[in-house]
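Visitor: I would like to learn how to read the features of a model like this one, step by step. Could you show me the model first and then take my questions in turn?

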Amino acid sequence: MTEARPGAAASASLWERDAELAVVNEAMDALCDDTSPSASGNLLVFGGEAGIGETALLTETRRIAERRGCTVWSARGGETVTSVPFNVVRQLLQPALLSLMPEEAREYLGDWYDVAGPALGITEPGERRADPQGVCDGLIVAVSRLAKREWPLVLLIDDAHWADQETLHWLAAFCERLDDLRVLVVVALRPGEVAGDSARHLDTIAAAARHPVSTLSELTPAATAGLTRATLGPHADAPFCREVWAVTGGNPYETVELLAKVQDSQLEPVEASAAELRALNRSARGNGLVARLESLGIEATRFAWAAAILGTGITVDLVARLATMRREDALRCAELLAAARILAEPDPAGRQAADGELEFVHPLIASAVYRSIPDGLRTAMHGIAAQVVTDSGLGAAAASRHLLEVHPDDDEELVEQMREAAREHLAVGAPEAARRCLERALLEPPPPEVHPHVLYELGCATLLTSPATTIDYLQAALAMPGLEGDVRVSAVYRLSQALLHNDQLDEAVRTVDEEAARLEPGPSRMRLQAVHYMWEGVHAAEEDSPDRSQELAELARTCTGKDNSERALLILRGFDAMTHGENAEEVVELCDRALVNGRLAPGLGWTDTEWGIELLLMLGSAYAYTDRLDRAESLFTEALRAYESAGWSGGHLALAHAYVGLAHRRRGRLREAESSLRASLRLAERVGRGLPLYWSATCGLVDTLLARGHVEEAWSIAERYGFAPPYPSTIVLPDTRCVRGRLLLAVGRTEEGVGELEAAEKAAAGRGHNTVLAPWAGDLARALATDDPRRAAELAVTARRQAELSGTDTAIGEALRVAAALETGQRATALYARAVTYLEASPCAYEHAAARVEYGLATRSAPELRRGLTLARACGADGLAARAQEALEGDRGLV
């Protein structure tokens with residue numbers, strides 16, 4: 001028999017891969033091009049059926065990259081470990097991060113160290129549950145910053161279809177941002193292998209690639225013949241080579257394995273031996289592979305089974321403990337399995353392996369071995385594996401993967417292990433993994449006194465991802481005996497939150513009211529009463545609003561702010577009074593009583609979970625629309641810092657940016673407002689369209705662009721993001737109908753604009769309203785000034801009367817501007833002068849600038865126009881500045 005040419009088998013799967021390797025080399029050239037500082041990252045995706053050669057292609061990509069001086073990080077998904085959160089991204093990044101000193105890792109990751117570090121396993125998680133989107137962003141930052149240190153960097157991810165969901169979420173987001181990084185990502189996957197969120201993430205990844213997914217094809221008969229002769233010798237005859245192709249179907253993995261079997265059996269590669277190839281091929285996969293494994297002996301088989309059960313982190317010592325064998329016997333089995341090409345030591349080029357670490361030669365082998373374990377024995381081995389993992393100090397989360405496979409058996413200890421694992425998963429930002437653990441705990445089932453607590457924890461774990469599921473769990477928990485005291489009140493609050501997010505506002509209020517009715521007077525009852533008014537307060541359709549406001553006022557009148565329930569009621573009363581245009585001084589006094597030494601009370605902070613973000617946004621908004629913009633801006637900026645520091649980059653951070661934008665808009669810092677609101681809208685897009693936070697970002701941005709005079713851009717944003725009826729059921733600041741009406745007027749769709757403003761008037765239903773928050777009366781008066789001057793005058797009077805009730809400089813100044821716009825001559829001049837006086841004292845610079853310009857135009861005063869122009873430019877109000885500039889340059893009659 002002729003010896004195989006060195007390296008022939010190793011490169012077998014690269015036969016007929018010239019096109020794919022050309023794409024790899026082209027991408028590598030671009031990555032390593034020092035002459036192109038603007039070069040960006042790239043993504044290559046290779047797909048194909050099992051054994052088609054993706055792994056070999058990635059191995060060759062590593063060789064090419066390392067020859068070019070690139071840093072290469074690699075990882076691989078596994079069929080039996082898809083439930084392990086962050087498994088693949090840990091493989092990818094841990095070696096690089098663990099090679100750094102802890103202070104170096106902190107330096108590179110900065111504030112993201114404590115956010116992404118727990119998910120990567122390089123630091124302990126904090127006490128709070130992590131925000132999944134924040135963790136994802138932290139992982140993106142980790143790779144981005146390390147990429148600048150390790151440039152040029154190549155990331156290789158094999159079997160991505162078997163990657164955990166948390167990794168796929170990160171990878172999908174990371175691949176969409178490659179334009180800013182000089183990183184080459186190469187992904188291999190099997191299309192059609194998964195469904196649900198994993199499939200959606202894989203589709204996003206594939207869509208981010210500049211080249212279409214390269215689908216690898218089988219070897220042709222000619223390539224199979226060439227490979228056969230390269231491996232067995234040139235004397236392999238044509239009939240034998242054709243039979244090799246026929247029995248393997250040109251599958252590279254099966255071809256390599258078959259040729260290895262031919263070598264092992266010393267079969268001559270001639271036509272007379274071709275009939276034996278099918279039997280040899282069967283031993284390379286499926287039942288044949290199992291038979292080959294069993295031929296190595298019972299101990300080697302047991303060792304392989306134990307390795308397949310572990311799936312990841314396979315070491316001789318762990319396998320020995322799981323297989324209950326002595327270490328020397330385990331070492332002997334490892335050698336036997338290595339010789340049989342079933343197990344091997346990890347490729348040192350890929351990553352630094354732990355002492356005694358092993359991995360399966362190919363994922364297909366791992367899957368076949370795992371499936372060959374008898375069902376009952378496999379379940380029992382998972383139970384033992386959980387104990388081995390726990391005893392090794394790897395934690396409840398690591399053990400939970402095995403406990404998920406164990407049959408229910410009224411095991412109280414398992415229930416507690418799964419609850420602890422869920423807490424660990426939540427702490428690193430893996431709520432889906434937490435959900436799986438708690439649902440498994442329910443199957444055990446838990447003891448009666450523990451059962452409602454597991455349901456409650458499960459409801460908390462699914463709150464952000466599945467409101468409908470959360471409702472079922474929390475309702476079941478509350479229907480059982482066992483939840484009492486603060487835990488029960490918290491469960492009711494969270495249930496009402498889920499109902500609200502599931503568009504069941506009436507049911508949310510009813511749930512809170514029923515629980516409050518069963519409680520004695522005290523903090524718990526008051527907390528639920530506050531929640532009742534909070535949900536009604538955020539509802540845009542204010543049915544029975546006068547009665548509700550009166551009830552809230554009566555309840556708040558007795559509050560001194562001694563605890564957070566009383567503080568919440570004071571905030572809610574202040575917000576309600578602000579929206580209805582009540583006296584601003586009284587609104588501010590109510591809000592101030594809710595603070596402790598001018599600060600948020602302990603337990604009432606932005607990241608505290610007892611009270612939602614809605615309450616504190618109401619507090620800041622009450623200040624913002626009563627001319628206390630310093631306090632509003634301080635609160636919203638504090639929210640932004642708190643969420644960024646905690647790594648909360650989902651809906652909470654989107655709202656923080658939106659309300660910081662609101663503060664800038666009210667201040668008249670229009671450029672800064674636009675920047676914050678665009679950041680909010682980008683984040684809101686990731687969370688999902690149609691949610692209240694999405695409307696806040698869109699409405700605020702349209703309002704700001706109109707103030708800047710960028711009407712076409714405002715219309716484009718409205719069209720792109722669906723800023724049109726039907727409006728959300730929750731309150732949006734500023735008022736959606738007013739902003740939409742002003743937009744329609746600005747683009748010349750006057751009739752529709754008037755209709756929107758009249759709808760806003762109708763929504764007020766005769767109640768008082770804050771004329772700065774919802775300026776429908778003033779805008780409608782201007783729109784009707786020509787066609788219906790009497791109606792316009794009535795509206796201007798309404799706006800002025802309501803503004804004087806509120807009493808803020810901004811409200812009164814704006815009402816005077818409206819009145820002046822309807823007058824002419826000395827009357828108009830006098831009204832504009834008074835408007836300027838009020839707005840000069842107001843903290844709202846844009847409104848002041850507008851009043852100055854209008855006053856200058858009315859009096860034909862060049863000094864007033866110049867003052868207005870300076871203010872408009874400082875605000876970023878380009879349209880207003882252009883109006884003043886045009887008047888200064890074009891009218892010789894100015895004085």
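Visitor: At what angle do α30 and helix α32 pack, and how far apart are their axes?

Guide: Before the numbers, please keep in mind that this is a predicted model. The general idea is to take the angle between the N-to-C directions of the two axes, and angles under 35 degrees count as roughly parallel. Here α30 and helix α32 (residues 651-667) pack at an angle of about 5°, with 11 Å between their axes, which makes α30 roughly parallel to α32.

Visitor: Which residues in α30 and α32 meet?

Guide: From α30 the residues are I613, L617, S621 and A624, and they meet H652, L655, Y659 and R666 in α32. Sorted by class, this contact of α30 with α32 has five nonpolar, two polar and one charged residues.

Visitor: How close do the axes of α30 and helix α31 come, and at what angle do they cross?

Guide: The axes of α30 (residues 613-624) and α31 (residues 629-646) come within 6 Å and cross at roughly 150°, so α30 is roughly antiparallel to α31. The crossing of these two helices, α30 and α31, is left-handed. On the α30 side the contact is made by I613, L617, L619, G620, S621, Y623 and A624, and on the α31 side by L629, R631, A632, L635, F636 and Y643. By class, the contact of α30 with α31 has ten nonpolar, two polar and one charged residues.

Visitor: How many residues has the largest nonpolar core, and which of them have the most contacts inside it?

Guide: To read a core, one follows buried nonpolar residues that are joined through their side chains. The largest nonpolar core has 143 residues, and those with the most contacts inside it are W535, W606 and V702. If neighbours within four places in sequence are left aside, V702 is in contact with A714, I717, A718, F723, V739 and L743. Another core, of 54 residues, lies apart from the largest one and includes L100, Y113, V187 and I205.

Visitor: Is H532 buried or exposed?

Guide: The general idea is a cut-off on relative accessible area, with buried meaning under 20% and exposed meaning over 50%. H532, which is found in helix α26 (residues 523-537), has a relative accessibility of 12% and therefore counts as buried. Leaving aside neighbours within four places in sequence, H532 is in contact with V509, V512 and D513. P102, by contrast, is exposed, with a relative accessible area of 53%, and P102 is found in helix α4 (residues 102-109).

Visitor: What is the omega of the peptide bond from W151 to P152?

Guide: Omega is near -10° for the bond from W151 to P152, and this bond is cis; P152 lies in the loop between α6 (132-150) and β3 (153-158). P152 is also among the residues touched by T71, together with E150, L153 and V154, when residues up to four places away in sequence are not counted. A cis peptide bond also joins P725 and P726, where omega is about 0°, and P726 lies in the loop between α35 (711-720) and α36 (736-746).

Definitions and conventions:
Residues numbered from 1 in each chain as written. Predicted model: local features only at pLDDT ≥ 70, side-chain atom pairs only at ≥ 80, totals over all residues. Heavy atoms only, no water. Axes fitted to C-alpha atoms, helices over the stretch in contact; angles between N-to-C directions. Helix = DSSP H or I, 4+ residues; strand = E, 2+ residues; numbered from the N terminus. Parallel < 35°, antiparallel > 145°, perpendicular 65-115°, else oblique. Left-handed = near helix turned anticlockwise from the far one by under 90°. Contact = heavy atoms within 4.5 Å. Nonpolar A, V, L, I, M, F, W, Y, C, P; charged D, E, K, R; others polar. Core = buried A, V, L, I, M, F, W, Y, C linked by side-chain atoms within 4.5 Å. Buried < 20%, exposed > 50% of the residue type's maximum accessible area, 1.4 Å probe, protein only.
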